[in-house]
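Hi everyone, thanks for coming. Let me put a structure up on the screen, and then we'll walk through a few parts of it together.

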Amino acid sequence: ESVSNIIAAGEVVENPASMIKELLENSLDAGADSVKIEVFNGGKDVKISDNGSGMEKNDMMLSIERHATSKISTKDDIFNLMTYGFRGEALASISSVSKMTISTKTKESNVGYKLTAYAGSIRNVEEISRNNGTEIEIRDLFYNTPARKKFLRKESTEYNKIRDIVLKEALVNYDTAFTLIFDDKPSIKTSGKGIENTILELFGKNVLKNLKKFEHGYLGSVEILRSSKDYIFTYVNKRYVKSNTIERAVLDGYYTKLMKGKYPFAVIFLNTDPKEIDVNVHPSKKIVKFSNDKIIYTQIKSAMDDYFYLEER
Ligand code: ADP
Ligand code: MG
């Protein structure tokens, strides 16, 4: 059992950033509109607190068991609109390779609970008093799997990966306030007051000033061209993805405006029937294909053509 958790942890907890993504998505699934992430020691120590639903004592005890999911899903559909979680493996995996403390309280209960587990085994459970919501603290990530620990990169590299993940979550979850802190230094702070305010908080005044809203999101003007495609933020059903089709449509939409080696800043939100998304493409690589590829391309490209046509007149 614990061996299989450690094996599963290889997939869920590839690095601190992928671990934080899972924890963040649990907070969002719990309906939190405020999430704070504090990171220390290159991501080996992490504390994440939210004001979501919290857990009852029993659910807290179960949460670190493998396949203990409170989220019902008919199939392994990662593009399910309702929740991010679907396998009930994240907490089991993370706890199997760390020292974990869960503190939690529901609004229906007048006391909270705190669980401590080392390498996935529960060491202590106690009653505590605390606010509604959940705080999960991970200490000494990979302390019992030294071989894995060796694969951690230098702190700044891990922090860049974490920042990137949190930024992409904060951008699409613009009604949720995010705080990300590295070794007591603030890195990201959003207030959850809508998409435009979130763009302002993440990218600054100059970017917001040079963005225009179109049918499927926001398009940056030539004032804010970038030297990589990484600033075409694409989300399908609220999940960050890479899609060659969408990227192509965006680049083609800009065709007369792009200089060689320059790419636009754009934020694209697309909703589509999960059935139209090709599941053969590995979810962790986030590259998606659509079965209705041509329709998706045309949808975005023509929205952009309309938009640029109007803008140029
Ligand atoms: P999954 O998200 O796939 O259900 P996880 O291992 O990520 O599996 O979480 C296990 C369970 O623990 C969740 O189904 C949920 O009930 C509970 N849980 C985890 N994190 C939180 C949180 N921040 N707030 C409330 N409940 C949580
Ligand atoms: Mg989860």
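Let me start with a question: where is Ile 277 found? Ile 277 sits in the loop between S13 and helix H10 (293-312). Helices here are DSSP runs of H or I with at least four residues, strands are E runs of at least two, and both are numbered from the N terminus.

Before going on, some housekeeping. This is a predicted model, so local features need pLDDT of at least 70 and side-chain atom pairs count only at pLDDT 80 or more, while totals for chains, interfaces and linings use all residues. Residues are numbered from 1 along each chain as its sequence is written, and chains are lettered from A and ligands numbered from 1 in the order in which they are written.

Back to Ile 277: buried or exposed? Buried, because 24 other C-beta atoms lie within 10 Å; the cut-off for buried is 20 or more, exposed is 12 or fewer, and partly exposed is in between, with C-beta atoms placed from the backbone. Across the protein, buried residues make up 36% of the 313 residues.

Now the overall picture: there are 10 helices and 13 strands. Of the contacts between residues at least 6 apart in sequence, 64% join residues at least 24 apart; a contact means C-beta atoms, placed from the backbone, within 7 Å.

Next, the sheet. Five strands form an open sheet in the order S9-S10-S13-S11-S12, with mixed pairing; strands pair if DSSP finds at least two bridges between them. At the edges are S9 (211-214) and S12 (239-241), each pairing on one side only. Inside the sheet, S11 (residues 232-236) and S13 (residues 266-270) run parallel, joined by five bridges. As one example, Thr 234 has Ile 268 in S13 as its bridge partner. Helix H9 (residues 244-253) packs on this sheet and touches S11 and S13, its direction making about 130° with that of S13. For angles, axes are lines fitted to C-alpha atoms, for helices over the stretch in contact, and angles run from 0 to 180 degrees between N-to-C directions.

Finally, a helix pair. H2 (residues 16-29) packs against H6 (residues 155-172) at about 25°, with the axes 8 Å apart. That makes H2 roughly parallel to H6, since angles under 35 degrees count as roughly parallel. Among the residues making the contact are Ile 20 and Leu 24 of H2, and Ile 162 and Ile 165 of H6.

Conventions. Two residues are in contact if their C-beta atoms, placed from the backbone, lie within 7 Å. Angles under 35 degrees count as roughly parallel, over 145 as roughly antiparallel, 65 to 115 as roughly perpendicular and the rest as oblique.
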